[in-house]
Amino acid sequence: MKRLIYIAIATLFLAACDKVYINGDLDGMWQLQKVELEESAEYPQGIYYSFQRHLAQVGRYYDEGLPLRYLGNLEYKGDSLTIGGFRKFLEEEETATKERLAIFYLYDKETSFKVERLDDEMLVLRSNRGLYTLRKW
């Protein structure tokens with residue numbers, strides 16, 4: 001009987017250590033693979049979007065200069081995703097300008113997307129500007 005109690009406690013302990021993702025498959029880091037804007041397609045290099053809880057981060061990591069990262073707000077509701085309010089990472093007083101956000105293919109201070117595909121490998125988002133294809137990193 002004591003053995004069963006110990007096994008039950010160990011099982012509960014291990015289950016409690018599991019990560020909690022409130023956004024399901026969306027949470028994590030995504031690499032931007034392709035952006036289709038109007039009649040052109042671009043294949044960006046080194047641009048990543050990260051989503052966790054109510055935060056969004058966009059970053060350019062593999063550049064000759066220092067990594068460039070912005071942290072913002074995330075609102076996710078099933079088939080819609082809105083990100084905005086970006087500020088430079090570790091320098092909260094510096095708000096991201098439209099010019100800086102354009103590096104990440106975000107053209108407004110707040111961008112809304114329709115989630116067209118989301119699974120553990122791929123994310124496809126549609127904005128009023130175009131179609132974004134990302135892969136899980």
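Glu-38 lies in the loop between S1 and strand S2 (40-42), where strands are DSSP runs of E of at least two residues, numbered from the N terminus. Although Glu-38 is not a glycine, its phi is positive, at about 45 degrees. The residue Glu-38 is exposed, because its relative accessible area is 81% and exposed means over 50%, buried under 20% and partly exposed in between (1.4 Å probe, protein chains only). The model is a predicted one, in which local features need pLDDT of at least 70 and side-chain atom pairs count only at pLDDT 80 or more, while totals for chains, interfaces and linings use all residues. Residues are numbered from 1 along each chain as its sequence is written, and side-chain values use heavy atoms, with hydrogens and water left out.

**Another positive phi in a loop**

- Arg-53, found in the loop between strand S3 (47-52) and strand S4 (55-60), is not a glycine either, yet has a positive phi of about 50 degrees.
- Arg-53 counts as partly exposed because its relative accessibility is 47%.

**Strand pairing**

- Strand S5 (residues 68-77) pairs with strand S6 (residues 80-88) in the antiparallel sense over seven bridges, pairing being assigned if DSSP finds at least two bridges between two strands.
- Within this pairing, Leu-71 stands opposite Arg-87 in S6.
- Two residues lie between the strands in the hairpin of S5 and S6, and in that hairpin Gly-78 takes a positive phi near 60 degrees.
- S6 also pairs with strand S7 (residues 110-118), in the antiparallel sense and over five bridges, and here Ile-83 stands opposite Thr-111 in S7.

**Surroundings of Gln-31**

- Gln-31, found in strand S1 (residues 28-37), counts as buried because its relative accessibility is 12%.
- The side chain of Gln-31 is joined to that of Tyr-48 by a polar contact of 3.3 Å and to that of Arg-135 by a polar contact of 2.7 Å; a polar contact is a pair of N or O atoms within 3.5 Å, where within protein one must be able to donate a hydrogen and the other to accept it, and residues adjacent in sequence count only if both atoms are side-chain atoms.
- When residues up to four places away in sequence are not counted, Gln-31 touches Ile-47, Tyr-48, Thr-133, Leu-134, Arg-135 and Trp-137, contact meaning heavy atoms within 4.5 Å.

**Aromatic pairs**

- The structure holds four aromatic pairs, defined for rings of Phe, Tyr and Trp (its six-membered ring) whose centres lie within 6.5 Å, with planes under 30 degrees apart counted as stacked, over 60 as edge-to-face and the rest as tilted.
- One of these is the edge-to-face pair of Tyr-49 and Phe-51, at 6.5 Å centre to centre and with 85 degrees between the planes; Tyr-49 and Phe-51 are both buried.
- Phe-113 and Tyr-132 also form an edge-to-face pair, at 5.2 Å centre to centre and with 80 degrees between the planes.
- This pair links distant parts of the chain, since Phe-113 is in strand S7 and Tyr-132 in strand S9 (residues 130-136), 19 residues apart, and both Phe-113 and Tyr-132 are buried.

**Cavity**

- A search of the whole structure finds one cavity of 30 Å³ or more, a cavity being a set of points, on a 1 Å grid over the protein atoms alone, where a 1.4 Å probe fits but cannot get out.
- The largest cavity holds about 30 Å³ of space, and its lining is formed by Tyr-105, Tyr-107, Asp-108, Thr-111, Ser-127, Asn-128, Arg-129 and Tyr-132, lining residues being those with an atom within 4 Å of a point.

Conventions. Helix = DSSP H or I, 4+ residues; strand = E, 2+ residues; numbered from the N terminus. 1 Å grid on protein atoms, 1.4 Å probe; cavity = no way out; pocket = protein on both sides within 12 Å on 5 of 7 lines; lining within 4 Å. Points joined across faces, edges and corners; volume = space filled by probe spheres on them.
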